[in-house]
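I opened the model to look up a few things and noted each as I went. The entries follow.

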Amino acid sequence: MAPLFLSRERPYFSQMNAIAVSLAVTFCVFCGGVVGLVLHRVVPNAHLTKETQEVIRLGTGMMSIMASLVLGLLIASAKTTYDRTEHDIGTYAAELILLNETLRDYGNDAATPRALLRKYTAQLLEDNWPTSVDRPVLLENQLAGTMLEHVREAIRALTPVDAGQRWLQDQALQINVSLLRQRWLLIEQNGPSVQPVVVIVLVSWISMIFASFGLNAPRNGTVVVAFLVCSLAVGGSIFLILEMDDPFTGVLKVRSGPIVSALTHMQP
């Protein structure tokens, strides 16, 4: 049985350090500007006429628009993935709390499924937000999935003595099924939203744009510093995209607060 947040295909960039990737992007873009400065010196003057520069500006303008659109789409896609995951975690935590409250209302006979539910929630929290820095995020833990199945089995094994307990048992089973359904929906929906080829093409476009800037720019320290600052900005945007595309690792990981709150409500 797979865990709550299983990813069938991990994003390629999530296997690498997002900071290293963003620095590599910064280097490529900055090199594009430096190459343009070098070309300005070696290209014959006949190829640097005003008409030629105007054509280059038009082409660069078109590429800039396309690069801006692609960069905006990547940021929007990564942000959507991050927000959806955060919302789903909150919804899942609310369902866990509701199931625990339903079992509590059932009475002492439901102590076994409540204990299993509490154990499952604690395991879920440790798998996706490990307390030890040396322990990686465990996206696949069959033990956690088996625990949730055992909760359903324990609920079905209850023997209601009146109509009220029978209704609570039915409600608990429905919530448990809803949890299982949400779990599999999270499994199916989780996956990379940013493909490496899109990032590679985007960085290539931006590097060529910077090369055209360098071709028409004066060769001085201010221009080089401006290229460096702009390159860092581009690298920073790629860093944000990669961080939001993998919500359970890195600097911008989703909050564990909802699951911690659910576990707190489950204390005996």
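I started with the surface and found a nonpolar patch of about 390 Å², made by Val34, Val35, Val38, Leu39 and Val42. Patch members have over 30% relative accessible area and no salt bridge; like charges are joined within 9 Å, nonpolar side chains (Val, Leu, Ile, Met, Phe, Trp, Tyr) within 5 Å. Areas are Shrake-Rupley values with a 1.4 Å probe, and for residues only the protein chains shown count as cover. A salt bridge is a side-chain nitrogen of Lys or Arg within 4 Å of a carboxyl oxygen of Asp or Glu.

The model is predicted: local features need pLDDT of at least 70, side-chain atom pairs count only at pLDDT 80 or more, and totals for chains, interfaces and linings use all residues. Residues are numbered from 1 along each chain as its sequence is written, and side-chain values use heavy atoms, with hydrogens and water left out.

I placed Val34 in helix H1 (residues 18-42); helices (H or I, at least four residues) and strands (E, at least two) are DSSP runs, numbered from the N terminus. Val34 has 32% relative accessibility and so counts as partly exposed (buried is under 20%, exposed over 50%, partly exposed in between; 1.4 Å probe, protein chains only).

For the fold, I noted eight helices and zero strands. Of the 268 residues, 43% count as buried.

I then looked up Glu101, which lies in helix H2 and is partly exposed at 27% relative accessible area. Its C-alpha atom is separated by 9.2 Å from that of Arg114, 13 residues apart along the chain.
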